[in-house]
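Try each task before you read its solution.

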Amino acid sequence: MAAVTIDSLLQNPTLVFRPKAKVLLKPPRSLDCSRNRKLPLSRGSCLCSFNPRRTIHVVRASSSETALIGNFDISSSDDILYKDIFPVKRIEKVEGKFFIRLDRSKDQHDWQLTVGCSLPGKWILHWGVSYLGDSGSEWDQPPKGMRPPGSIPIKDYAIETPLKKLSEGDIFHEVKIDFNPISEIAAIHFVLKDEETGAWYQHRGMDFKVPLVDYLEDDGNIVGAKRGFGVWSGALQQFSNVLLKSEASHADSQNNSIESKDSKNKNRCLEGFYEEQSIVKEVSVGNLVSVAVRKSPETGKVIVCLETDIPGDVVVHWGVCRDDAKIWEIPAAPYPPETTVFKNKALRTLLQPKATGNRSGALFTLDEEHFGFLFVLKLDENTWLKFKENDFYVPLLGTSSVPGQYGQSDSTSEEISSKSYTDGIINEIRNLVSGLSSEKSQKTKKKEVQESILQEIEQLAAEAYSIFRSSITTVPDEVVSETETTKPAVKISSGTGTGFEILCQGFNWESHKSGRWYMELKEKASEISSLGFTVIWLPPPTESVSPEGYMPKDLYNLNSRYGTIDELKELVKSLHEVGMKVLGDVVLNHRCAHFKNQNGVWNIFGGRLNWDDRAVVADDPHFQGRGNKSSGDNFHAAPNIDHSQEFVRKDLKEWLGWLREEIGYDGWRLDFVRGFWGGYVKDYFEASGPYFAVGEYWDSLSYTYGEMDHNQDSHRQRIVDWINATNGTAGAFDVTTKGILHSALERCEYWRLSDQKGKPPGVVGWWPSRAVTFIENHDTGSTQGHWRFPGGKEMQGYAYILTHPGTPAVFYDHIFSHHRSEIASLISVRNRNGIHCRSLVKIVKAERDVYAAIIDEKVAMKIGPGYYEPPSGSQRWSLALEGRDYKVWETS
Amino acid sequence: MEVSVIRSSSQAKISKTELGCRDLRFCFGKSNDKNKIFSRKPNSVCFDSQISRFRKAGLRFTLKAVHSDPILESKSPATSKSLDRLRLFVGLPLDAVSDGNSVNHARAIGAGLKALKLLGVEGVELPVWWGVVENEMGKYDWSGYLAVAEMVQKAGLKLHVSLCFHASSQPRIPLPKWVTKIGESQSSIFFADRSGQHYQQCLSLAVDDLAVLDGKTPVQVYQGFCESFKSTFSPFMGSTITGISMGLGPDGELRYPSHHKPAKSGTITGVGEFQCYDTNMLNLLKQYAEANGNPLWGLGGPHDAPTYDQAPNSNSFFKDHGGSWESPYGDFFLSWYSSELVSHGNRLLSLVSSIFGDTEVNVYGKVPLMHSWYKTRAHPSELTAGFYNTASRNGYEAVAEMFARNSCKIILPGMDLSDEHQPHDALSSPESLLAQIRTTCNKHRVEVAGQNLASGAPGGLEQIKKNMLGENPIDLFTYQRMGAHFFSPEHFPSFTEFVRSLSQPELHPDDLPSDEAEATESVQTSSDPNIHLQTA
C-alpha cells in the first residue's frame, strides 16, 4: 500500500475515489480555471483546452494618488495648453491559491485541519461543525477546545477565525484547527470570507465540508463502505488533490496488519490530505491617466502627451474631432510608433513603456486645427477603460474648453452615445463569438479575417440597434389613449388611506425656532398640495419639555413652540381646504411628569390627565413606576407610559378622539412605537378611527463586521411583526429600505436592492401596502443627522420610493430645496400612472452598479450609474424623467 | 475545484450555484436513465465502463458531471451532417415598408442584413402587406418592397416573402382603405362572433367566392395581387426569393379569429369563441344543416359555448365528460366549422400554388399552434380556431392532406414554447401539440418549417434548438423578428450564441455554465414575482 496508484484506487472498491478530470465540469465563466491541475485519467478525447488568459499583474494595493501625480513627468513649461489627470478604475483579477490540509498534529493524537490562502486580504474562516446524529445542514458551534485563539462566535452556530501569516515571510495566511477524531464531530464546515472586499468564497454556493463521519460511523464494521476523509458535497471531483498518506499512518497499518480488521480499517481511514485550489479575487484598482497638451514652438503643431501607470500592454484607441459633437475622425499622419488604423474610424496606438517606473505613454503630434482629442483605453479584448462611461476628451484649442469639462455625458450627442454603446456590445459579442472564430479558423480562414468579421458584426448590430431604438422612442404614438381604466374601488383603511397617498413630512428639526411654524406652513399649504401630496404630517402639537415637541407634558395643552392651538386649527383647516389630510404626531410611549414623588423622582402627572406613578412602567428604575412591566423597549429620557393600565388607555383614547374632533386631525404618526405593544395601537385606532396612520419602529439593521448584511429579513420581520400586532391598522416607516438604500447607493452595491426572492428587500417587499417608505426625517437628517441619507444621492432614493409600491414620504427639507422640481416630476409620474401602495414591482436588474424595475408594467425606472433601457417589447417606453444616476420611463 | 465569488452576485448566480451543486449520489445506480445518457453514443464506451467502476467505488457525482456529456456526444460526426441542411431565416420588421414606397429605417435594416449574413444566417423573411401595396383596387405599388428585395439580394441573403392579406394592430398596418370602406357599409365581409362583434383584421372565409369587393371575389383580388407580385419580382424568383407564404387568415394563419386578444400576461387564455355568426357563415351553416337533414341545427352556433376568456368548464359545450362537443350535434357543427376552414385553405393554396407552380419557390401556409387546453379532452382552443382535433380525433389529418394536395409546406409557429413555461392551470401543452402536428405532416409527407412566437420567451432559444436538432430535425426556421429588441444587448448576444450553437453543435466547455445560467433564468421567470400576490 505504500505507493498507491490512481488505477488501484479506481479498482479498489473500498476507497473513495475523487475524480479529478476537469472535463467533467464547466467552470463558471467568471472564474478562472487553475492550470496546475493534474489529470490522473488521461482521456485524450475529452481533454479540452482553455483559452490562455492575459497575464495577471500584481495588485497595487493602495496606490497613493498624490504620489503618482508627482511621478508623472508632465512638462511644466509655459506652453502647456491643457493638462489633466484622469483617475481610472479597473477590476483586476488576482489569482492565488488556497489550500485545505488535514493531517496529524505533532502529538500524533489529535488531528489538525489547516486552511490557508495566498492572496492578500483580510481572510476570515467562517466555520462550524456538525455533530453525529445531526440531521439537515445546520451548523453548530464547535467545542471551546477546538477554537483557535482569536475566534469570535457568531450567533450560536458559527465561529469566525482570522487567517494569519505565521511569519512575515510567509505567502500563506493560515488558520489551524485542532480536533480530536474520537469526538462527536461529524464534519467541519466552512466558507472563506475576505473582509476587505466582503466577498465570500464558497464551494459553489455551499460550504466546504470536511466530513469525519464515515470513519466514525462505520468504525471497522462495514467492509466496502466508503471511508476516509474527503472534502465532498460536490467538491470532490474537482480536487486536484494528492493523497498524502502520512508516514505515521503507514507505519501503523503495517504494524497492525496482523491485528483485527477493525483497527486496520480504522487506521486506513486516518488519511490526511492536502488540497490546493486556485482562487480568484476581483480587486478594483485605481490608476491614473495623465494628459498634457502643448504646442511645439518649432513646428506649430500640437503635441498630446499621454501617460499612464496601468501595467501591461495598453492600447490607446483614439481619434480627433472638429467640434463639440465629438465625432471621431482620423487625423493626418504621422502617428506614433505601433499605431494601426482601426476600421477607418479610429487609430490604435500601443503605449510604449517608459524608461523609468512602470509607466507607459505616447506622444501624439497633431495639426493645429483639431478641436479635441478623443480616446479610450483598451487593456485587452474584453477590457476597455472609459471616462465615466464615455470617451476621454481632451480639448486641444486652449481657449475653447475649460479643463474638467471633458466627457460630460449630458451634452454628448447621439453619435457618441451609440459609439459608447457600440464598444459595450463589442465586448459582449466578442466573448460569445470568439470561440467560433478560433474553431473555424482551422478550417477556413485566417484568424485575422475572422476577427474583422466579428468586429463587423458587432458594429453592425450596434448600429442597427441604435437606429431601431431611437425610432421607437421618437415615433409619436397614435391616439390610442385607452379610456382611463376605472380606478379600483377606493377602500379606505387606516393602514393605507386610499392606497394612493403620498406623504409630506411638514417640518424639520428647526421648525420650532420661529415660534410661528403653523402660520408659515399655512402659507405653503396650496403649494405643497399642488406638488401632488395628499397627506401631511405635522409636528407634535402638545406642550413639551423639549422645544421640538417629543417630550410631551400636558397632552391637552396644544400651545407649543410651533404656534397656538388656534393657529393649529387654522392650519389644519387650510390644509383641508387644499385637499390634504393631516397627521398629528402623537407621542404615546412616554410623558414628562409635572411633579416629583416622595423620593424626588419625577413621575406624578398634572393637567387634565393627572395620572400618578401607576401610569408609569415598573421596569425603568429611573422613574420608579408602579405600573406593569413595559410591553416594549424603554425610552430612557422620560417616564414610559404603562399602556396595560385600563385607565391610561381610556384616557389616551379620549385624548385622540378629542384631537380628531377639536383640531381636525385625520390620522396619526406614532412616535417610538417600539416602546409598547402594537395591540394597544390597534385599540387606540379603533377608538379614534384615523384615515391614515403610521408608526415609527426604528431599530438597527444587521451588520457583520461593520458591513451591512444583504439579508435584512430579521429587521423587516420586526417591523412587520409590529404592523401585524396592530392588526394592519397602521403602516410603519420602512426603515429597512432606507438602510439598504444607504448601502446600495453609498457603496455602489445596487444588487442589495433585490432580496433572495427577487423582491424589494425592505418592508415594501413583504407588506407593501403597510410600508411607508422614506429616505430622511427630522431625526435621521435635518440638523440632527443621526443617520443621514448618502449626500448627493437623495434623488436616486426618491426615484426609488416614488416609483415603488408602499406609501412614499418626502421630507420637508428635500421638498424645499433644489430637488423640488425633480421630486414634483416623480410624484406626477406616480400619480399619472396610478402607482399605488400595492403596485406590483418587477425587478429586472439588480447588479453592482445598476438597479432597474418595472412597476405595474407602466413605469420603468433605474438607479445607479450602470446601463439600463427598458425592453422594447409590446410596450413603448418613453423617458419621463432623468437625473443624476437615475431614469424613469413610462409607457406611452 | 472551483470557488464561487458570491459578493457581487446577483440572485441568479446564487441560485445557479445551488442548482449546480446537487449531490448526485442517488442518480447512480438508482436512476437508470441517467446512465443511459452516458451510454447512448457508441464512442463513449470507454467512459461508460469507467462509470461502472465509479459506481463500484461508491462514487458521489455531481449533477454537473451530466453536463459534460454533450462534449463526448458531439464527437459523433453524424449530428453535424444533418445540420448542413439547416437554414435559418430572420424576420424583418413588420413595418419594414409601411407606406408603399419607402423603406423604414433602411439603414438599420441594411446593417442588420450584413450582420446576419456574416453570422451565417441563410436569409430573411419579409412581410408584404396587402394594405400597403394595393392602395387602390387593382393598382399595386411594389417599390418599397422591391427596394428591400434588392437590399437582401445585395447582402447575399435569401428572401422568404409572406403575403399578408390581414391587418396588423402593432405596428398599425390596416387593410387597404378601399376594403375598409366596403366593410363600413357591408360589415358581413368580416367574421362575427356570437354577440355580433366583427373582427375587422381580415375578411371572412365565407366571402371567398362572393363578389363583395366591387364586383370581384376576394379570391380574384388575391389572385391579382399574387400575379402582380410574381411578375414584378420575377428577376428575384428562385434566386433571391426562395419561399412564399400565403396569408390564410388572422395573422396570416389558417384559423378563425377565435381569440381576439392575446391573454394578458399572468392570466390564462380562455377558450375563445366560434366565429360563425356573420350572415354569410350562417348561410353556409344553414345550407349544410338542411343538406344533412337537420335544418334546426343550422340556425346558429352552439348555445352552450363559453365566451372568449372563460375556461372550458364554465359552460357545457367543452366539458371533459358529457360536453355537447361529443353529441351528434357537436360533431355536426364541428365537422362543418372545421371543413369550412380547410376548404378556405384549399382555395387559397391551390390558387397560389398554381400561380407559383412554374417557379422554383416553395409555397408555404401557416398553421397556428393553439396549445391552450390541449390537455383537456375537447381541446376547446383548437375547436374554436377551426381544428376539429380532440382526444379522440386527429383534426390535422384533413389539414395536412390539404397541404399535401397542393404541394405546399407548413409553417408552424411556437417552436420556442415549452410545456414547463406554460401556466400550470392552462392545461396547455405546446410540445405535445407540435409533436402531433409534425407526426401528422410526416405521414402526409408535408414538410414543416418552424417559427418562434416571440423572441425572449423564457428558455425559447433552447427550445428552438431542441426542435431543430432533435430526432426529427426542422430544416428551415424563421426567427422572429428583427427590431430594437433583436439587436439589444439583452438579446443579440444570446442570439449570436444560438446561431453559433446551431452551426456548431460541438460545445466549447466554457459554454455550459451559460446554458446553466439560462436554465436558472427560466427558473426565475417561472417564479415571477408578479404571479405571487403581494400581501396587502
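**Exercise 1.** Find the residue of β37(A) that is the bridge partner of A:S878.

*Solution.* Start with A:S878, then look across to β37(A): the bridge partner there is A:E890. Strands are DSSP runs of E with at least two residues, numbered from the N terminus, as are helices (H or I, at least four residues); two strands pair if DSSP finds at least two bridges between them.

This is a predicted model, where local features need pLDDT of at least 70, side-chain atom pairs count only at pLDDT 80 or more, and totals for chains, interfaces and linings use all residues. Residues are numbered from 1 along each chain as its sequence is written, chains are lettered from A and ligands numbered from 1 in the order written, and side-chain values use heavy atoms, without hydrogens and water.

**Exercise 2.** Work out which strands stand at the edges of the sheet in chain A.

*Solution.* First write down the order of this open, antiparallel sheet of five strands: β33-β34-β35-β37-β36 (chain A). Then read off the edges: β33 (841-846) and β36 (877-883) of chain A each have a single partner strand, so one side of each lacks a neighbour in the sheet.

**Exercise 3.** Which residues is B:L118 in contact with, leaving aside its neighbours within four places in sequence?

*Solution.* Locate B:L118 in helix α7 (residues 106-119) of chain B. Then list its contacts (heavy atoms within 4.5 Å): A:I453, A:E456, A:I457 and A:L460.
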